[in-house]
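Open the model in your viewer and keep the selection tool ready. The tour goes stop by stop.

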Amino acid sequence: MEPRNFDGDADRPRSARANTGRVLVIDPYLRVRAGNADAQSEGHVLRDTEARLDEAAGLARAIDLVIADAIIAPVSQIRPATYIGKGKVEEIAGLIKSLEVELVVMDCALSPIQQRNLEKEWQAKVLDRTGLILEIFGRRAKTREGSLQVELAHLNYQRSRLVRSWTHLERQRGGFGFMGGPGETQIEADRRLIQERISKLESELKKVQATRRLHRAGRQRVPYRVVALVGYTNAGKSTLFNRLTRADVQAADMLFATLDPTLRALTLPHGGKAMLSDTVGFISNLPTQLVAAFRATLEEVLEADVILHVRDISHEDAEAQQSDVDAVLRQLGINPDDSGRIIEVWNKIDRFDAGQREELLNIAARRPEDHPAMLVSAVSGEGIDPLLAAIEERLAAKRTTLDLSVDASDGAGISWLHRNAEVLSKELHDGRFDMTVRVDETKRDIVVNRFDAVPHHAT
């Protein structure tokens, strides 16, 4: 067990220290042995232990917790009662007492029994990785939909853990998190209240899903295609979203800086339009409760014509993060190897010097043609134009290009074409506009019949 100093108090106001208490972050790193299936399933094989610890500390800081220390605790095998061994439990108990820690964050998934036993041994609240992520999402959800989805995930998680302080049932506080609260309530009363609330939330979310379907059907009636951003949290999706759409969505160097989905118009190089969707960031061991609860939001990804997988290529765990995102996409029923739909975007190349960039370009050049990587910097704008061209090319592959001629006096027809098709070229000859347009398959027959359009033949 190696202690590391995280001087979380130094730059924080006293009010923050007083409100949050002191936190100890523990990464119970499971040593990998040959044939150790548990270690493989936990995902530790791919990840650097220091990077894991930094990420866990980042998650804690994301909700303004004051980190007294962050440590790695190697584990040879998972103990059913306490996850880590008895000696480690006693050693950490001494550290908790000396640091005056009030909350311990365990960067792993704990069973209710493990969580309860550790709390008894350490005389402090214990929060596992799932609980911490749920807490972050609970604080970040801004919209009514986001709040409903997070609370549903929270309650489903807590339903099997009637050993906690049921703060989400405290009417005066009006929250449903882990921090503070009135203490234990009767288990049967808790179960009844939780189930009633879950049923109500599920009913409300069905209405949200129905509304989203109506909005999506409305968008499908116009020629706008949908492009969705996915990626590991803090990969720079929101910054790229702002760069591509000239929007002002919150973007910060923080895990889960944005939570609620956002849609904005995206202008393509030849004047066409698409809708760009920014979704919640993924993370390793993303709680299944969240994937299920956010199904309504993630339907934007499911329905997207093109998916941009944004990667922080400068991160030391970039390959592991890619694997984690691919795993979540598979959970959603999306094939991460679908080259016709997914574009891999290597973001933050501004963090590399000239030599390192050249090496990255060489690596990207050696990739198969059907699996290219677009190198960009969302901060500086480098590589954005080639990315937009690649997006347009993928969208165009699913549309039909037609040539037609329309009388210059047919203002209504010309206006309709501009509203319902992507006008690639338009030249006036002898009182008629010779046009090349790209249309969705649903509009193809209308254009052919109305304007005697024919398939485009490149010269």
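Which side chain meets Asp-107 in a salt bridge? Select Arg-52: the two side chains pair at 3.4 Å, N to O. Keep in mind throughout that this is a predicted model.

**Stop 1: the Asp-107 pair**

Colour the two partners by position in the chain. Asp-107 lies in the loop between β4 and α5 (112-122), while Arg-52 belongs to helix α3. The pair links distant parts of the chain, 55 residues apart. Now show the surface. Asp-107 has 4% relative accessibility, so it counts as buried. Arg-52, at 3%, is therefore buried as well.

**Stop 2: the network around it**

Together with Arg-52 and Asp-107 they form one network, joined by salt bridges that share partners. Across the structure there are 17 salt bridges.

**Stop 3: a pair within one helix**

Move to helix α8, residues 187-220. Select Glu-196 and Arg-192, whose side chains form a salt bridge at 3.7 Å, N to O. They sit 4 residues apart in this helix, so about one helical turn separates them. Buried or partly exposed? Glu-196 is partly exposed, at 46% relative accessibility. Arg-192 is also partly exposed, at 46%.

**Stop 4**

Select Glu-319 and Arg-311. Their side chains meet in a salt bridge at 3.2 Å, N to O. Glu-319 counts as exposed because its relative accessibility is 55%. Arg-311 has 4%, so it counts as buried.

**Stop 5: the largest nonpolar core**

In soluble globular proteins, nonpolar side chains tend to be buried together. The largest nonpolar core here has 42 residues. Start with Val-25, Leu-132 and Phe-282, the residues with the most contacts inside it. Elements giving two or more residues to this core include strands β2 (22-27), β3 (66-72), β4 (103-106) and β6 (225-231). Among the helices that do so are α3 (49-61), α6 (129-140), α11 (295-302) and α12 (318-331). Helix α3 gives the largest share, 5 residues.

**Stop 6: around Phe-282**

Which residues does Phe-282 contact, leaving aside its neighbours within four places in sequence? Pick out Val-230, Gly-231, Tyr-232 and Thr-233 as one group of contacts.

**Stop 7**

Finish at a separate core of 24 residues. Select Ala-274, Val-345, Leu-387 and Ala-390, which are among its members.

Terms used. Residues are numbered from 1 along each chain as its sequence is written. This is a predicted model: local features need pLDDT of at least 70, side-chain atom pairs count only at pLDDT 80 or more; totals for chains, interfaces and linings use all residues. Side-chain values use heavy atoms; hydrogens and water are left out. A nonpolar core is a set of buried Ala, Val, Leu, Ile, Met, Phe, Trp, Tyr and Cys residues joined through side-chain atoms within 4.5 Å. Buried means under 20% relative accessible area, exposed over 50%, partly exposed in between (1.4 Å probe, protein chains only). Contact means heavy atoms within 4.5 Å. A salt bridge is a side-chain nitrogen of Lys or Arg within 4 Å of a carboxyl oxygen of Asp or Glu.
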